[in-house]
Amino acid sequence: MASTDEEYAAEQLTRQLSRAVGAATAKALGALNIRSIDDLLRHYPRRYLHRGKYTRLADLVPGEHATVMAEVADIDSRPARNRRLHIVTVTITDGSTRLPLTFFARNAGMATHLRRQLPIGASAMFSGQVSLYRGELQLTHPEYEPLDDSADESLVQAHVNRPVPVYPATAKLPSWKIAKAVRMVLDPMNEADTAEWLPAEIVESRSLPSAGAALRMIHRPTVDEEWKQAQRRYRYEEAFILQTALARRRADVAAYDATPRPARADGLVDALDAQLPFELTSGQRAVAEEISTDLAGAEPMQRLLQGEVGSGKTVVALRAMLQVIDAGGQAALLAPTEVLAQQHQRSITAMLGPLGEAGMLGGAANGTRVALLTGSMGATARRQALADAASGAAGIVIGTHALLSQHVQFADLGLTVVDEQHRFGVEQRDALRSKGRTMPHQLFLTATPIPRSVAMTFFGDVDVSTLRQIPEGRPGVETFAVPADKPRWLTRTWEKVAEDVDRGGRAYVVAPRISSSTPEDDDAPAPVTELRATDAVAGGDLANVEDTFATLSRDPSLAGVSLGMMHGRLPAEEKDRAMADFAAGRTPVLVTTTVIEVGVDVPEATVMVILDADRFGISQLHQLRGRVGRGTTAGTCLLVSAAQPGTPAWQRLQALVETTDGFVLAEKDLEQRREGDVLGAAQSGRGNSLTMLRVVRDRDLIEQARDDARTLIANDPNLVGHPEVLLAVTRLVDPDHEEYLDRA
């Protein structure tokens, strides 16, 4: 089968790399996804070491692949028990901690060789897997690079006075071998050979090193200040290219005309406000005014509404939908799951009351209708919903991906509201947006931002409105960590569930899996690093809904309590029945996956137990606990986990215990888990699009890049005068990645 043009180009790049560094090294670099010379030069050092400033050996973590600089303190050899091997132990030190290095050899000659290579008192770099042996840290058969006078002269010169770059490496290709490969490519190059992606005026105004200078400064610095300057250059470059891509997309959308939808006095918005049983918060009113002003304009609104759990985003979105209806249009609300779509339909219908029952007995004369459209609906209900949307009888149409079908038509779609916007690609939102006569206004909703949404809030070029204020009367939620290895704590957990049920409450029990036989469940949370899979109920594997349901059905603490079960693989009618039975109290304990994470509103729910809580990210845990304490009784969230104190997993859970501020938690989540892939590269099998840039750390720099990008696009919308920037944007934002640019 003939290779495609892309495959041929990739093969050519690989050949160029092989010619530059050798076939064996090029093959080893492939394990790091380095396929070309450009990939190699953009494989930046992650830190720098200095001769005489040894690595703190006490900071090493078992299981990690580490590169350290230390001094040889001792060397010893002895025959192994089977006498066929010799064990050579080299002890290194940083001045306060000693660490053994273990080498296995076929004969005693290995000890002689190591004594010659690593004499006592010599400094060297060592790279290998950190392990525990009899309670002590050690490196087994590490790679090493001496840094004394016996080393290669060029290496001595590089190591004695200069910072020593440490690269992300593998066991087969240690850092110094990568450094050697970089030198082989970089040394013959001239500065003019390096492509410059930034406009000259920006390089000058921001006091950045040129592309060629930065490349040498980051790989071959002579002093620390050089690699710091180079890193700042590359962080800015990433921010600027991303911001330019976002600004271009924003400008493209703004070029379309939208139908203005101005507010109307004595319309549906005023009627809704008059019948609401509560007062809008000052934050809700301020955000509603921002949205109202946007809707009245001829330029399509693109606004992200992010809000704390329980801050009242739905009523703000409903007021926007009613303003569009008052102006003669329709609104569509796109939700990611049927459970959430049905929840929206119920809550919006309840808030509207007679205003949502136009044409029905008792319906308001100036009212409208709310239609629900999901994939599992019966034929009759579906035909009615389609007819109401096409005729305009339904001013509000709520649905899942079923809304995107070509069979769905609107009389005059003026506003699309996308809930949990990060779950939809730009093609899906374009499919909905294309159903309008003119470009509909767009409102994106997200609950407490997950890391990717936080990242795009800082990067994106949409307008952002934020709700942080919680309406008065919400009793709040108290959170506790429950050690999974302490049976008494677990017993007390189920006793607490029973007590709340006796008082008329409801309890969610959340497990990360549906069943033990399906390890890759649709409902399962995204993997979080350093996880420990512990079934908090039955012991063994990761907790799952089916086994947990069976175990709790036999638990004496819950004797006489009816349990329900729900997960994403149940048929729609069974999910509806499970939620209805739970809400009504027929099954006051619901064992479920994260399908109830967002939007589900059962005011009587007062307690939530999350099993293997360390399996989830901070923001997801915060979303889950937001399902309780929504009525008049305070909620309790119990995080069951086997995470050990001091580990990142334990720190995540402690953050939930210490604060209920979702924005603070989102920041912590972002700091721990980084930004994710801002341009969606993970979906196309690539790594993180962000190499140097960090959202939390580099906010000021991102703001600078945003200002520069907006100015550039305002003056040169098609980048005709800046082909180097256009090429950089094209390289970064290929069709597979471009869909993520609207996820802000």
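How are H8 and H9 oriented to each other? They are oblique to each other, the class left over once angles under 35 degrees are called roughly parallel, over 145 roughly antiparallel and 65 to 115 roughly perpendicular.

Ground rules first. I'm working from a predicted model, where local features need pLDDT of at least 70, side-chain atom pairs count only at pLDDT 80 or more, and totals for chains, interfaces and linings use all residues. Residues are numbered from 1 along each chain as its sequence is written, and side-chain values use heavy atoms, with hydrogens and water left out.

**Entry: H8 and H9**
I looked up helix H8 (residues 211-219) against helix H9 (residues 224-254): their axes come within 8 Å and cross at roughly 130°. Helices here are DSSP runs (H or I, at least four residues), strands likewise (E, at least two), both numbered from the N terminus. Axes are lines fitted to C-alpha atoms, for helices over the stretch in contact, and angles run from 0 to 180 degrees between N-to-C directions. On the H8 side I noted Ala211, Ala214, Leu215, Met217 and Ile218, which meet residues of H9 including Trp227, Ala230 and Tyr234; contact means heavy atoms within 4.5 Å. By class, I get 8 nonpolar, 2 polar and 2 charged residues in this contact. For the classes, Ala, Val, Leu, Ile, Met, Phe, Trp, Tyr, Cys and Pro are nonpolar, Asp, Glu, Lys and Arg charged, and the others, Gly among them, polar.

**Entry: H11 and H12**
Helix H11 (residues 282-295) and helix H12 (residues 313-326) pack at about 30°, with axes 10 Å apart. They are therefore roughly parallel to each other. Among the H11 residues that meet H12 I see Val287, Ile291 and Leu295. This contact divides into 8 nonpolar, 3 polar and 1 charged.

**Entry: positive phi**
Most residues other than glycine have a negative phi, so I checked for exceptions. Asp612 has a positive phi of about 50° and lies in the loop between strand S20 (605-610) and helix H20 (618-625). Asp612 is buried, with a relative accessible area of 1%; buried means under 20%, exposed over 50%, partly exposed in between (1.4 Å probe, protein chains only). Leu719 has a phi near 55°, and its place is in the loop between H23 and helix H24 (723-732). Leu719 is buried, also at 1%.

**Entry: H23**
The buried residues of H23 (residues 699-715) include Leu701, Arg706, Asp708 and Leu712.

Note on methods: The expected span of a helix is 1.5 Å times one less than its number of residues.
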